[in-house]
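The sequence and the model are shown first.

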Amino acid sequence: MVHISLLSGELLFAALWLLFRAAVWLKTKQINPKREAQLLVMYINLAVILRFVFYSVSRVGGRVPPLLFDAALAWPPRLNLVPIVHILRFATRRDMLVNLLGNVFLFLPSGIVCPLLYPRLRRWWKTLGAGALLSLCLELCQLPFFERATDVDDLLLNTLGCALGYGIWALSRAIANHRNRQKKVGQ
């Protein structure tokens, strides 16, 4: 059995992020510090998502339990392809609400950050597509970990969170544009 601590997982993600950024720097032959500072927001967003997708929310002995991989227990994977069924099976209403709101709010920042950092994603359907694709990738990456579950509900709720985040971004952009127009009229 392989134990992957939260620190190890986050360090692995940081290393992969830096390798990816280094590849971009080598390709473009430049480093834009302002852009890298902006992308740091996306890194933080993704690091938080990875923490809650792969590691338990509860603590054991004051520590986050490690992610466990055991090839003997990886098959059959914990997979739910039927919407809403798993949500209704939570032991308490509180657990159900924590799952629902947690999955929505986990991806809400992605709906704000994606159109903010990537102009190509400024159409609602592109941001939702990016959020859904990210959620799908994370759900599929959970397949070999016997304590994690790949769930269509998570995909739907994560995408809803991304949509709400996009709505916040679009509303704040509309308000800013309205204020700018009012300033120009007042001059």
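## Residues of helix α5

Gly165 is found in helix α5, where helices (H or I, at least four residues) and strands (E, at least two) are DSSP runs, numbered from the N terminus. The model is predicted: local features need pLDDT of at least 70, side-chain atom pairs count only at pLDDT 80 or more, and totals for chains, interfaces and linings use all residues. Residues are numbered from 1 along each chain as its sequence is written, and side-chain values use heavy atoms, with hydrogens and water left out.

Gly165 has a relative accessible area of 0% and is therefore buried. Buried means under 20% relative accessible area, exposed over 50%, and partly exposed in between (1.4 Å probe, protein chains only). Not counting residues up to four places away in sequence, Gly165 touches Leu108, Gly111 and Ile112; contact means heavy atoms within 4.5 Å. Gly165 and Lys183 are 18 residues apart along the chain, and their C-alpha atoms are separated by 27 Å.

Asn158 is also placed in helix α5. Its relative accessibility is 2%, so Asn158 counts as buried. Leaving aside neighbours within four places in sequence, Asn158 is in contact with Asn103, Phe107, Ser135 and Glu139.

Ala163 lies in α5, which spans residues 152-186. Ala163 counts as partly exposed because its relative accessibility is 26%. Between Ala163 and Gly131 there are 8.3 Å in space, C-alpha to C-alpha, and the two are 32 residues apart in sequence.

## Overall fold

The secondary structure of the protein chain comes to five helices and four strands. Along the sequence these follow the pattern β-α-α-β-β-α-α-β-α. Taken along the principal axes, the C-alpha atoms fill a box of roughly 70 × 45 × 30 Å. The chain has 187 residues, and buried residues make up 32% of them. Of the contacts in the chain with a separation of 6 or more, 76% are between residues 24 or more positions apart.

## Helix packing around α4

Helix α4 covers residues 124-141.

| Helix pair | Axes come within | Crossing angle |
|---|---|---|
| α2 and α4 | 11 Å | roughly 40° |
| α3 and α4 | 10 Å | roughly 130° |
| α4 and α5 | 9 Å | roughly 145° |

Angles under 35 degrees count as roughly parallel, over 145 as roughly antiparallel, 65 to 115 as roughly perpendicular and the rest as oblique. α2 and α4 are therefore oblique to each other. α2 passes α4 in a right-handed crossing. A crossing is left-handed if the near helix is turned anticlockwise from the far one by less than a right angle, and right-handed if clockwise. From α2, the contact is made by Leu46, Ile49, Leu50, Val53 and Phe54, and from α4 by Leu134, Leu138 and Cys141. By class, these are eight nonpolar, no polar and no charged residues. Here Ala, Val, Leu, Ile, Met, Phe, Trp, Tyr, Cys and Pro count as nonpolar, Asp, Glu, Lys and Arg as charged, and the others, Gly among them, as polar.

For α3 and α4, the axes cross at roughly 130°, which makes α3 oblique to α4. Their crossing is right-handed. Phe107, Ser110, Gly111, Cys114 and Pro115 of α3 make the contact with Thr127, Gly131, Leu134, Ser135 and Leu138 of α4. This contact divides into five nonpolar, five polar and no charged residues.

The crossing of α4 and α5 is right-handed. In α4, Trp124, Thr127, Leu128, Gly131, Ala132, Ser135, Leu136 and Glu139 meet Asp154, Leu155, Asn158, Thr159, Cys162, Ala163 and Tyr166 in α5. Eight nonpolar, five polar and two charged residues form this contact.

## The largest nonpolar core

A nonpolar core is a set of buried Ala, Val, Leu, Ile, Met, Phe, Trp, Tyr and Cys residues joined through side-chain atoms within 4.5 Å. The largest one has 23 residues, of which Phe13, Trp17, Met42, Ile49, Val53, Phe54 and Leu138 touch the most other members. At least two core residues are supplied by each of α1 (6-28), α2 (33-54) and α3 (93-117). The largest share, nine residues, comes from α2. Val53 touches Leu106, Leu138, Gln142 and Arg148, not counting residues up to four places away in sequence.

Terms used: Axes are lines fitted to C-alpha atoms, for helices over the stretch in contact, and angles run from 0 to 180 degrees between N-to-C directions.
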